Amino acid sequence: MQSGFRYAGRVRVFVTGGTGYLGAALLRLGPGQPWVLGASYFSGVPKQSGVEWVWLDIRDARAVEQALARFRPEVVIHTAYSKAGPEALEAITVQGSAHLARACAKVGARLIHLSTDQVFDGEHPPYAESAQPNPITPYGQAKLEAERLVQAHLPQATIVRTSLIWGFDPIDPNSQMVLEMADGKRAGGLFVDEYRSFVFVEDLAQALLELVSLDFQGVLHLGGAEVLSRLEFGRLIAPLHGRDPARLPAERRAEFSEPRPANCALDSSLARSLLHTRLRGVREVLHGLR
Ligand SMILES: NC(=O)c1ccc[n+]([C@@H]2O[C@H](COP(=O)([O-])OP(=O)(O)OC[C@H]3O[C@@H](n4cnc5c(N)ncnc54)[C@H](OP(=O)(O)O)[C@@H]3O)[C@@H](O)[C@H]2O)c1
């Protein structure tokens, strides 16, 4: 469900996880735009100026409520999460999201909640918003449970499922891993048989900020336009960082001990019909740099 939405004056937008990869990209787009930005940090060091920063442990429901009551956001973009083990998944990713949704309901803020293509099992791509989730990893299960709790506390929330986020300024952790493998500094290889809709961080941040002014409710898929295996992705970005793509080691999912979804390609045609921002494929972004 969606319709154009206009706020009076500058919109107050609060970003959880402002020190994270996506959160920082959102804040970089902020200056000069028609919003007032607040953001939370936890163990990281806040960098972006012109932002009202608050230290917040999202596991603390009362602190979450107080932070929102103080900043009084009209829209919250929730990027904070952790997958550092089962306890973090439950306390931060699942319960932290529930605390935030409850606090948004209390202060009357809209919530744009970040979720993942990993809620799918990877067997029936491409996945549209109507597809049945069936996560096969603890991370995917926690993110699906977070979605469920967010929708229970705040049925009008926007749930954005995205794919592997990449960028080069600064470089993202997945690209960093590619470079370490190319340099022989990291064991293992890049999967030839695991496919994702790699999304460029600046396109994703722009699309999320565009969503701020759209009263869209429910699930929306924001994946990049090109589906690639991890090895294909690595081979495309290696030359950008001065590395030889031929040096990248390949691996198959079956050689990995944990289950991993094979192909979580997202069907993002609904987003294409709603947003001006284009979620470009990796080749298109790289071509634009020449
Ligand atoms: N990265 C991807 O490829 C990808 C793919 C699909 C979906 N997503 C989703 O996109 C979102 C953003 O991902 P990302 O890669 O940008 O994440 P990230 O770089 O790992 O950042 C995570 C953020 O969460 C904050 N955080 C961790 N524990 C916290 C706590 N207890 N209380 C409050 N904040 C806490 C961190 O703060 P400090 O750094 O200050 O500790 C950091 O700002 C996540 O919801 C993720 O599930 C990501």
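Student: Which residues of H1 are buried?
Tutor: In this predicted model, the buried residues of H1 are Leu22, Gly23, Ala24, Ala25, Leu26 and Leu27. That makes six of the eight residues in the helix, which spans residues 21-28, so H1 is largely enclosed by the rest of the structure.

Student: What does leucine 26 touch, leaving out residues up to four places away in sequence?
Tutor: With those neighbours set aside, leucine 26 touches Val15, Ile77, Ala205, Leu208 and Leu209. Leu26 also belongs to the largest nonpolar core, which has 86 residues, and there it is among the members that touch the most others, together with Ala101, Cys104, Leu111, Leu204 and Leu208. As a general matter, nonpolar side chains in soluble globular proteins tend to be buried together.

Student: Switching to the ligand, which residues come nearest?
Tutor: Of the 27 residues around the ligand, Gly17, Gly20, Leu22, Ser43 and Gly44 come nearest. Leu22 is also one of the buried residues of H1.

Student: Which element gives the largest share of that shell?
Tutor: The largest share comes from H1, which supplies three residues, while H1, E2 and strand E5 (110-116) each supply at least two. Sorted by class, the shell holds 12 nonpolar residues, 12 polar residues and three charged ones.

Student: You mentioned E5, so how many of its residues are buried?
Tutor: Seven of the seven residues of E5 are buried, so the strand is largely enclosed by the rest of the structure. Both of its faces are covered, with Arg110, Ile112, Leu114 and Thr116 buried on one side, and Leu111, His113 and Ser115 buried on the other.

Student: How do E4 and E5 run, parallel or antiparallel?
Tutor: E4 and E5 run parallel and are joined by four bridges; in one of the pairings, valine 75 has arginine 110 of E5 as its bridge partner.

Student: What about glutamine 118, where is it found?
Tutor: Glutamine 118 is found in the loop between E5 and helix H4 (138-153). Although it lies in a loop, glutamine 118 counts as buried, because 26 other C-beta atoms lie within 10 Å and the cut-off for a buried residue is 20 or more.

Student: Which residues does glutamine 118 touch, again leaving out those up to four places away?
Tutor: Glutamine 118 touches Pro135, Thr137, Tyr139, Gly140, Lys143, Pro261 and Cys264. Leucine 154, by contrast, is 36 residues away from glutamine 118 in sequence and 22 Å away in space, taken C-alpha to C-alpha.

Student: Where is arginine 72 placed?
Tutor: Arginine 72 lies in the loop between helix H2 (61-71) and E4, and it counts as partly exposed because 13 other C-beta atoms lie within 10 Å.

Student: How many residues of H7 are buried?
Tutor: Seven of the eight residues of H7 (residues 230-237) are buried, so this helix is largely enclosed by the rest of the structure. The buried ones are Arg230, Leu231, Phe233, Gly234, Arg235, Leu236 and Ile237, and what covers them includes helix H5 (173-182), strands E8 (190-191), E12 (228-229) and E13 (250-251), and helix H9 (282-288).

Student: Last one, what does the secondary structure of the protein come to?
Tutor: The protein has nine helices and 13 strands, and 47% of its 290 residues count as buried. Its radius of gyration is 19 Å, which agrees with the value near 19 Å for a compact globule with 290 residues.

Notes
Residues numbered from 1 in each chain as written. Predicted model: local features only at pLDDT ≥ 70, side-chain atom pairs only at ≥ 80, totals over all residues. Core = buried A, V, L, I, M, F, W, Y, C linked by C-beta atoms within 7 Å. Buried ≥ 20, exposed ≤ 12 C-beta atoms within 10 Å, placed from the backbone. Contact = placed C-beta atoms within 7 Å. Near = placed C-beta within 6 Å. Nonpolar A, V, L, I, M, F, W, Y, C, P; charged D, E, K, R; others polar. Rg over C-alpha atoms; globule rule 2.2 N^0.38 Å. Pairing = 2+ DSSP bridges.
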